[in-house]
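Visitor: I would like to learn how to read side-chain features in a model like this one. Could you take me through it?

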Amino acid sequence: MNKTIRRASVFCLLLVLALLVRVTWVQAYQGQALADDKHNRRNLIGQYENPLGNIIVGGEAITGSVKTGGKDFGYKRTYVDGPLYAPITGYSSQAYGTTMLEGIYKNVLNGSDSRLKTVMDMLTNKRAAPGNVLTTIDKDVQKAAYDALQGKQGAAVAMDPKSGEILAVVNNPSFDPGTIAGANDEKAWTELSADKGKALENVALRKPQAPGSTFKLVTLAAAIENGLVTDIDRQTGIADPYTIPGTRTLLPSEAGSAACNNVSVRTALRLSCNNVFAELASKLGQDKMRATAEKLGFNVQIDTPVRTNPSSKYPSKKMSIDQVAQTGIGQFDVQATPLQMAMVTAAVENGGKLVAPHMVSEVTDAGGNVLESFKDPKSQKVMDERTASMIRDAMRTVATEGGGKPAQVSGAEVGGKTGTAQRGVNNSLAPLAWFTSYGKLNGKQIAVAVVIENSDTDRSEIGGGKLAAPIAQKMMEAWLKK
């Protein structure tokens, strides 16, 4: 054979061998990685090739699928009462991805989760029948909160203190996830993204803000647990006018100095006297305050299974004495979500035991077989039962004689705490109006937290009792009177 031809043949053979090695490497070692790559359009097409599984509320699907008639995507996601349930479902969009429960359980809902596959599915590499996600949401409590929030910008959360089940998660403004479910919904997406994306913002779970005086429940828990308060009806000896420790700054209370001078803790909670709780926090110190807050869920990542990061926060950096005092009234760098404040109230109502909050009860396959169950959630003792009892006692006074009166539910035991939180540079923004409460009737329990960010109320009239408490009342009534 000609030497030149022989060399060319060997070279070609080497090229073929190299190609075979590369093909083998790609198929045997990189195949799955390439198949799972988020940029692989075949995955997206496969996700919407068939109808998706559903998210369930009260035994009824609040999601569905409809044929598109298109070439790439056989089906797209649809929603029942989309704006009502958007903070829970999130969206499943062919163009913009998935969020909330749609994102967490994407593989279950589209049938690609390995737990759904039969032996035949594995042999044929066929996509399995999709599974379903059963939520703990109560449609009546959800609807009550949604209706009550109309005309206001804010959010609300309700949970069952005994089981940890989240009964409602509501935001206003909200959005219809069905409007961005397709592949060509740029206009709808642009509209939702306008105004800093407020409609897409999950305030209830993922927007920590100053909790104002609702945080006084945490301060009171710390004070009782550490022996600083032993009797909620004994005068505290804390004067008003009150100067913030380490400063020359007076700390006013809305009720006025005469009403808040040397009062009991019960009266201080009812009138929301800043002097009492600022002084308690300063005497406890940063470490004891933070320890109690963290037991109640602050500075902790919470998965419901929707992740609530950034988590509610009690400052861990070293603070001055005046800053610690301000945290006692829910200001300085303290931040909380409605879910977090509902957790605080739930622990108080549940005798000091905090049950992990969760909005999913079960994840099942198409046949109803359980893949995951959340019916036995973790719980921990976060305060003594006596502490919880004393706080409930004081909260009842807020609801019967104080700013929480609008939250009363006929025939039920109700306790609450109002809150108004300053925000913005030099208080340039309208204050936040908060209310958190518990209710019990005939063996049923509920804990609620509501925050109002904006409303058409005159600034001088903004307060948790006026704006947020009536919403909490509607939510508690919807659960307790079922």
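Guide: Gladly. Let us begin with burial: a residue counts as buried when its relative accessible area is under 20%, as exposed when over 50%, and as partly exposed in between. Please keep in mind that this is a predicted model. Applying that cut-off here, Phe215 is buried, and Phe298 is buried as well.

Visitor: How are two aromatic rings described as a pair?

Guide: One gives the distance between the ring centres and the angle between their planes. This structure holds six aromatic pairs.

Visitor: Where in the chain do Phe215 and Phe298 lie?

Guide: Phe215 is in the loop between helix 9 (203-206) and helix 10 (216-225), while Phe298 is in the loop between helix 14 (286-295) and helix 15 (321-327). The pair links distant parts of the chain, 83 residues apart.

Visitor: Is the pair of Phe215 and Tyr314 stacked or edge-to-face?

Guide: Phe215 and Tyr314 are stacked, at 6.0 Å centre to centre and 15° between the planes. This pair also joins distant parts of the chain: Tyr314 sits in the loop between helix 14 and helix 15, 99 residues from Phe215. Phe215 and Tyr314 are both buried.

Visitor: Which residues do ring pairs link into a cluster?

Guide: The cluster consists of Tyr91, Tyr96, Phe175 and Trp189. A ring can also have a charge over its face, and here Lys444 lies over the face of Trp479, 4.2 Å from the ring centre.

Visitor: Now for the cysteines. What should I look for?

Guide: A disulfide is a covalent bond between the sulfur atoms of two cysteines. The count here is one disulfide: Cys260 and Cys273, with their sulfur atoms 2.1 Å apart.

Visitor: Why is the disulfide of Cys260 and Cys273 called left-handed?

Guide: Look at the torsion about the S-S bond: for Cys260 and Cys273 it is about -80°, so the disulfide is left-handed. Cys260 lies in helix 11 (residues 257-260) and Cys273 in the loop between helix 12 (265-271) and helix 13 (274-284), so the bond ties together parts 13 residues apart in sequence. Both Cys260 and Cys273 are buried, whereas Cys12 is partly exposed, with a relative accessible area of 44%.

Visitor: Which residues form a nonpolar patch on the surface?

Guide: Val10, Leu13, Leu14, Val16, Leu17 and Leu20 do, and together they have about 540 Å² of accessible area. To place one of them, Leu14 lies in helix 1 (residues 3-36).

How values were computed:
Residues numbered from 1 in each chain as written. Predicted model: local features only at pLDDT ≥ 70, side-chain atom pairs only at ≥ 80, totals over all residues. Heavy atoms only, no water. Phe/Tyr/Trp six-rings, centres within 6.5 Å; stacked < 30°, edge-to-face > 60°. Helix = DSSP H or I, 4+ residues; strand = E, 2+ residues; numbered from the N terminus. Buried < 20%, exposed > 50% of the residue type's maximum accessible area, 1.4 Å probe, protein only. Lys NZ or Arg CZ within 6 Å of the ring centre and 35° of its normal. Disulfide = S-S within 2.5 Å. Patch = residues over 30% accessible without salt bridge, like charges linked within 9 Å, V, L, I, M, F, W, Y side chains within 5 Å. Areas by Shrake-Rupley, 256 points an atom, 1.4 Å probe, with all protein chains shown as cover. Salt bridge = Lys/Arg side-chain N within 4 Å of Asp/Glu carboxyl O.
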